[in-house]
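Here is a short briefing on one protein model.

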Amino acid sequence: MKIIDGRSLASEIKSEIKHEVKKFINGGGKVPHLAAVLVGENPASQAYVRNKIKSCEKVGFESTLIRKSENISEDELLAIIDKLNNNDDVDGFIVQLPLPKHIDESKVTLSIDPKKDVDGFHPVNIGRMALGLPCYLPATPNGILTILERYNIKTSGKNIVVIGRSNIVGTPISILLSRNTKLGNGTVTLTHSRTADLVSEVQRADIIIAAIGIPEFISADMVKEGAVIIDVGINRVEDENAPKGYKLVGDVDFDEVAAKASYITPVPGGVGQMTVTSLLQNTLKAARKEVYG
Ligand code: NAD
């Protein structure tokens, strides 16, 4: 059994991006510039955005953080997005989700110019992804593909079971892994809360991708000997012994399942580490005008 080291893979990829940025600038290119819009005081969102901005510095990008209070109106936010869409110096930008309840998230996503949508959430990018056209891939599915590629895990002809059908993880990864590409060609089953016999579906899987949001939901009896386990879940569970009173666990019962798996991603330190590197990769693509010319 091999534990996939998301931290070291992410740091390796960041070094590669840093090198690419230098090459691009030396060749006359501009410094890639990522902007992030953060609304409100959600501690998790603040931490994610901080990490994104810090990572920009590490790889030699310019970054801009636009912070707005919880009370910002939808129109004011849409006006900020319009400015970013039209600012030639900004190559790509993200609006950190979730947004306050009075703001329509899908309206916000739709208002972002697909050329600058480095989160890969706009329907134009999702549609291009589904058709195999150049696009910005959504971060977590892209991170999963990078893990499979760098660990040389074959997907062609494999039974791949994805659990969870969210727009940001389950649905896009199921499309990507089923397409006729180097990292695709899997026989993908997309399962969810209405799946009739989830256990037997999962038991058939050579590769399991768990994106459910239920702590340690996947137990050893659901897993075939030698399966590859990609655990996307990030769940807080109470832990008296932890300094913050909680710890993070995945959707997979790591200790039980690791004993049967050929490869497994830990939580934390697995898929989550790859999210920011995907965002940086997309921003570099945007600066180089690789997707939309
Ligand atoms: P979500 O929360 O939007 O949806 C959960 C999905 O799980 C749904 O499609 C639902 O049908 C399915 N589901 C719920 N109960 C089920 C059951 N009993 N059996 C089978 N399927 C069931 O999904 P999400 O936004 O993809 O998040 C899933 C988890 O991944 C969460 O823990 C989230 O924090 C984590 N996440 C991690 C990253 C990362 O970078 N590692 C990124 C995004 C989400």
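In what order do the three strands of the open sheet stand, and is the pairing parallel or antiparallel? The order is β3-β2-β4, and the pairing is parallel. The model is predicted. Its protein is divided into domain 1 (29–113) and domain 2 (139–272).

**Sheet**

- β3 (62–68) and β4 stand at the edges, and each has a single partner strand, so one side of each lacks a neighbour in the sheet.
- On average, neighbouring strands of this sheet are turned by 15° against each other, direction ignored.
- Strand β2 (residues 33–39) pairs with β4 in the parallel sense, over four bridges.
- Leu34 stands opposite Gly92 in β4.
- Strands of a sheet pair through backbone hydrogen bonds, in either a parallel or an antiparallel way.

**Helix across the sheet**

- Helix α3 (residues 74–86) lies across β2, β3 and β4.
- The helix α3 runs at about 180° to β2.

**Domains**

- The centres of domain 1 and domain 2, taken over C-alpha atoms, are separated by 29 Å.

**Cavity**

- Rolling a probe the size of a water molecule over the atoms shows where empty space is left.
- The count comes to one cavity of 30 Å³ or more.
- β4 (92–95) and α4 (105–111) are the elements that give two or more residues to the lining of the largest cavity.
- The largest cavity has a volume of about 80 Å³.
- Its lining residues include Phe93, Ile94, Val95, Leu97, Val108 and Thr109.
- Also among the lining residues of the largest cavity are Ile112, Asp117, Asp119, Phe121 and His122.
- β4 gives the most to this lining of the largest cavity, with three residues.
- By class, the lining of the largest cavity has seven nonpolar, two polar and two charged residues.

**Second largest pocket**

- The volume of the second largest pocket is about 630 Å³.
- This pocket is lined by 25 residues, and the closest to its centre are Leu137, Asn142, Leu145, Leu183 and Lys285.
- Which elements each supply at least two residues of the lining of the second largest pocket? They are α1 (6–26), α6 (139–150) and α10 (274–287).
- α6 gives the most to the lining of the second largest pocket, with five residues.
- The residues of this lining of the second largest pocket divide into 11 nonpolar, six polar and eight charged.

Technical notes:
Residues are numbered from 1 along each chain as its sequence is written. This is a predicted model: local features need pLDDT of at least 70, side-chain atom pairs count only at pLDDT 80 or more; totals for chains, interfaces and linings use all residues. Side-chain values use heavy atoms; hydrogens and water are left out. On a 1 Å grid over the protein atoms alone, a cavity is a set of points where a 1.4 Å probe fits but cannot get out, and a pocket is an open set with protein on both sides within 12 Å along at least five of seven lines; lining residues have an atom within 4 Å of a point. Grid points are joined across faces, edges and corners, and a volume is the space filled by probe spheres set on the points. Ala, Val, Leu, Ile, Met, Phe, Trp, Tyr, Cys and Pro count as nonpolar, Asp, Glu, Lys and Arg as charged, and the others, Gly among them, as polar. Domain bounds come from an automatic or database domain assignment. Two strands pair if DSSP finds at least two bridges between them. Axes are lines fitted to C-alpha atoms, for helices over the stretch in contact, and angles run from 0 to 180 degrees between N-to-C directions. Contact means heavy atoms within 4.5 Å.
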